[in-house]
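Here are a few friendly notes to read with the structure open beside you. Take them one point at a time and look for each part as you go.

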Amino acid sequence: MFVSYKWLQEYVDLTGITAKELADRITKSGIEVESVEVLNKGAQGVVIGHVVEREPHPNADKLSKCLVDIGEGEPVQIICGAPNVAQGQKVAVAKVGAVLPGNFKIKRAKLRGEESNGMICSLQELGIESKLVPKEYADGIFVFPSDAAVGADALELLNLDDEVLELGLTPNRADCLSMIGVAYEVAAILGRGVKLPAVELRENGENVRDYISVRVDAQNDNPLYAGRIVKNVKIGPSPLWMQARLMAAGIRPHNNVVDITNYILLEYGQPLHAFDYDRLGSKEILVRRAKAGETIVTLDDVERTLTEEHLVITNGAEPVALAGVMGGANSEVQNDTTTVFIESAYFASPVIRQAVKDHGLRSEASTRFEKGIDPARTKEALDRAAALMAEYAGGEVAGGVVEVNTWQPKEVVVTITLDRINQVLGTAITKDEVANILTNLQFAFTEDNGTFTITVPSRRRDIAIEEDIIEEVARLYGYDNLPATLPIAEATPGKLTPYQAKRRKVRRYLEDAGLLQAITYSLTNEAKAPMFALEAAAPIRLALPMSEERSVLRQSLVPHLLEAASYNRARQVENVALYETGSVYLASGEHELPNEKERLAGVLTGVWHAHLWQGEKKAVDFYVVKGILDGLFALLGLEKRIEYKQAKREHLHPGRTADILLDGKTIGFVGQLHPVVQKEFDLKETYVFELALADVLNADVEEIRYAAIPRFPSIARDIALVVDEHVVAGDVQKAIVAAGGELLKDVAIFDVYKGDRLPEGKKSIAFALRYYDPERTLTDEEVTAVHEQVIKAVEQQFGATLRG
């Protein structure tokens, strides 16, 4: 909302406060003033001149030689290039010595051999934007009204000595989308009164009902519709002061009738529309929902197809306006218009918002209807517009108003106590101070023993509950005056939940291990969504995706991590180790929200570590990644409950992939990418893993118990077992642990051998076993007895034999 400082002074006394000071006060009260624009862009020395004579330049076809009276004795000769300059015009003249915007100084000059003593200016040359200049003067000079005094300050007549405040309004403060609304706000801030415009309406002896009738079929969408007839209007330019105010507010002037409707929109916040009565084609106005497929050509000369969700103003048969948004070209006010029907209405916000969305037509009028206007001022604004048309368009106002009014005003009453206000704000505001604030806001109220009963005016649609009143008191009392107080309550130190603490521990461990955290998109395409997913689910598509590449919610973190690795490799970063914790989304049924589950995933490729001085390099392989995961499970106290089981998964190498099981339940996988997938992502040998993080972090873990370092020696025994090729080494290890009992403290695989020395279909697995008792020294006999139990167990379960 652009607010003219000079215009605002007509409603509120601003004596003693500058525009910048006012902007600061408004901002501190809760409405941000985004800027204060000085309309005069450095111009000075520009006066009103009268073109006494005009003749073609003798040496240039496109120049005119003008004799101009500037109120300083003899007229001066000025060479002008404007195509519309003519004898008898009142124009803006920059005298010799004047300065125009951009520090452009006017000097005496000769143009094609003829002397020029000044410059006849267009509005653009005085600093007004081209889009705001009236169309008839867009390519030439601006012509002032004939009663403009010669020698008067042209900048003052154009209101360029004004300053404009740009308010950044939030959606709840639609009351300030008008000059009167801003006046109420400023008056409340300054503690001053509001002077509303006087409406002096003179009606002729005719009855408006002899000209027009109104019927509303869609009364829920349009509970209030009113109209007046103004006849014998003469279309022409609006008064210069009105044009200047419209341009300061960012609206281009058109003609006196249209400008008056725009002026009332800015003054009252009430959109109006003026119809050419003779072009309506009937004596009836019918407001209804549009019929499916019905069309209208709007004022921008675009034919628009309507639906039953749109509200239209019709002449009883065909639409003449898209209600609250834009008028129709078939009833537009034109230069030959003599009778005008003025519409003032209250339309429900949803139906206007739907039309704006469907047709992409957002206007000053629709913006106000969307956010909500004050129905109490609908007819007052109509009367003000009719009075102005009578005054500035020479019209005669027919007696009476045609209207359909089913609007039922709902009085909003809020009750609040002084103690409640002070409790929320932490203040000690007195009863009189609150009463003074409510008086400045012009809220009607009663007070009884510290309890305020407040009747909210209809212009303040944002006030409904006691918290709204508290906010009004706070902002007008002054946010800077609110004390900085701590809440009086039992304080408890903040901390992470156990789940959050474990998740942070996981991240720190992986970063310490050499992986970098990545954050990738939650959206992918339909082909990549199911890749690597731990659980099969139907894809979840977005209703309005920005692109097909980001149209489906992900079911695994791995695909995007592979994209990140590929991106780095394309930029010569060969060694990549990334991890991510994030959510995947699994469909839970039609019209149901998806299940959101947290995952931990990683991707590693290239060299894991290199000691160049020693000439050593270690590339990433399956056991590097498994070792990282083993360390993570050990950190979380789960190492004895984790099992790796060889598996075949789509998109992973069939011989280098394992499922990860926690207490027998699959919680993830680790493995090498399938060569085809590696090629697809332009990667070399690459390993990935993904875990159901919630399952890992929510697993019950026994408290850590510390044991003393053994004081007695241990005994180590190695065995090499020949088993069938299909036997899993991990299963053999489990059998050894079970058979070894309490004395067997550690079992580790240190060799697997397949070769010529073994029978076909056989392999050798070598284990290192360590026995000890923390309370005493073991004898060879005790260890041998247990060791023989171990050997007997693997012989019986796997048919193993000791390798000689």
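1. Several elements each bring at least two residues to the lining of the largest pocket: helices H16 (622-635) and H19 (729-740), together with strands S35 (642-646), S36 (652-662), S40 (744-753) and S41 (762-771). Strand S40 gives the most, with eight residues. Do keep in mind that this is a predicted model.

2. How big is this pocket? The volume of the largest pocket is about 1700 Å³. Its lining counts 44 residues, and Lys 626, Tyr 644, Gly 730, Gln 733 and Ile 749 lie nearest the centre. Sorted by class, the lining has 19 nonpolar, seven polar and 18 charged residues. Domain 5 (498-698) and domain 6 (715-802) each provide at least three residues of it.

3. Now turn to the second largest pocket, which holds about 1300 Å³ of space. Of its 42 lining residues, His 254, Val 258, Thr 261, Asn 262 and Leu 299 are nearest the centre. Elements giving two or more residues to this lining include helix H6 (256-268) and helix H9 (364-371). The lining of the second largest pocket has 23 nonpolar, 12 polar and seven charged residues. Because domain 2 (44-157) and domain 3 (203-405) both give residues to the lining, this pocket lies between them.

4. Last, a pair of helices. H12 (431-440) packs against H13 (466-477) at an angle of about 95°, and their axes are 10 Å apart. That angle means H12 is roughly perpendicular to H13. Glu 433, Val 434 and Ile 437 of H12 meet Glu 472, Val 473, Leu 476 and Tyr 477 of H13 in the contact. Five of these contact residues are nonpolar and two are charged, with no polar ones.

Key: Residues are numbered from 1 along each chain as its sequence is written. This is a predicted model: local features need pLDDT of at least 70, side-chain atom pairs count only at pLDDT 80 or more; totals for chains, interfaces and linings use all residues. Side-chain values use heavy atoms; hydrogens and water are left out. Axes are lines fitted to C-alpha atoms, for helices over the stretch in contact, and angles run from 0 to 180 degrees between N-to-C directions. Helices (H or I, at least four residues) and strands (E, at least two) are DSSP runs, numbered from the N terminus. Angles under 35 degrees count as roughly parallel, over 145 as roughly antiparallel, 65 to 115 as roughly perpendicular and the rest as oblique. Contact means heavy atoms within 4.5 Å. Ala, Val, Leu, Ile, Met, Phe, Trp, Tyr, Cys and Pro count as nonpolar, Asp, Glu, Lys and Arg as charged, and the others, Gly among them, as polar. On a 1 Å grid over the protein atoms alone, a cavity is a set of points where a 1.4 Å probe fits but cannot get out, and a pocket is an open set with protein on both sides within 12 Å along at least five of seven lines; lining residues have an atom within 4 Å of a point. Grid points are joined across faces, edges and corners, and a volume is the space filled by probe spheres set on the points. Domain bounds come from an automatic or database domain assignment.
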